[in-house]
Amino acid sequence: AIIGEAEIVDCILIDKDFNDKLRSENPIVYENSNYVETYAWKLDNVKKYDKVIYTKGKLGLWNYEME
C-alpha cells in the first residue's frame, strides 16, 4: 500500500557511532532493528495521504503510475 510520498534529498553513510547516537536519541524508532544500517535517506516534502492507495509493490524504488 502507498501511504504517502517524499523527496529523497540526500543519502548518508551511517557509521557505528552515528547509528548508536540515533538509537540512544530515539529508541522507539531505532532500537527494534537487529540490522546495522549502513546508509540512510534524508527526506524532504514528506506528505501523508488521507486515503491509502492499495497496489502491488515492486522490489526497490519504483514510480507509481496514476490511473
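Trainee: Why is Val 52 called partly exposed?

Mentor: Its relative accessible area is 40%. Buried means under 20%, exposed over 50%, and partly exposed in between (1.4 Å probe, protein chains only). Val 52 at 40% is therefore partly exposed. Val 52 lies in strand 2, and its C-alpha is separated by 8.0 Å from that of Gly 4, 48 residues apart along the chain.

Trainee: What should I know about the source?

Mentor: This is a predicted model, where local features need pLDDT of at least 70, side-chain atom pairs count only at pLDDT 80 or more, and totals for chains, interfaces and linings use all residues. Residues are numbered from 1 along each chain as its sequence is written, and side-chain values use heavy atoms, with hydrogens and water left out.

Trainee: What makes the contact of Asp 20 and Lys 16 a salt bridge?

Mentor: The N to O distance is 2.7 Å. A salt bridge needs a side-chain nitrogen of Lys or Arg within 4 Å of a carboxyl oxygen of Asp or Glu. The pair at 2.7 Å therefore qualifies. Both residues lie in helix 1 (residues 16-25), 4 residues apart, about one turn of the helix. Helices are DSSP runs of H or I with at least four residues, strands are runs of E with at least two, and both are numbered from the N terminus.

Trainee: How many salt bridges does a search of the whole structure find?

Mentor: It finds 2. Glu 25 and Lys 21 also meet in one, at 3.9 Å, N to O. That value is within 4 Å, so the label holds. Glu 25 and Lys 21 both lie in helix 1, again 4 residues apart. Glu 25 is exposed at 55%, whereas Lys 21 is partly exposed at 44%.

Trainee: What makes Ile 8, Trp 41, Leu 43, Val 46 and Leu 61 a nonpolar patch?

Mentor: Patch residues have over 30% relative accessible area and no salt bridge; nonpolar side chains (Val, Leu, Ile, Met, Phe, Trp, Tyr) are joined within 5 Å, like charges within 9 Å. Take Leu 43: its relative accessible area is 43%, so it passes the area test. The five together have about 550 Å² of accessible area, by the Shrake-Rupley method with a 1.4 Å probe, where only the protein chains shown count as cover for residues. Strand 2 gives the most to the patch, with 3 residues. Leu 43 is found in strand 2.

Trainee: What volume does the largest pocket have?

Mentor: About 490 Å³. A pocket is an open set of points on a 1 Å grid where a 1.4 Å probe fits, with protein on both sides within 12 Å along at least five of seven lines; lining residues have an atom within 4 Å of a point.

Trainee: How many residues line it, and which lie nearest its centre?

Mentor: There are 15, of which Ile 2, Gly 4, Glu 5, Ala 6 and Trp 62 lie nearest the centre. Strand 1 gives the most to the lining, with 5 residues. By class, the lining has 11 nonpolar, 3 polar and 1 charged residues.

Technical notes
Grid points are joined across faces, edges and corners, and a volume is the space filled by probe spheres set on the points. Ala, Val, Leu, Ile, Met, Phe, Trp, Tyr, Cys and Pro count as nonpolar, Asp, Glu, Lys and Arg as charged, and the others, Gly among them, as polar.
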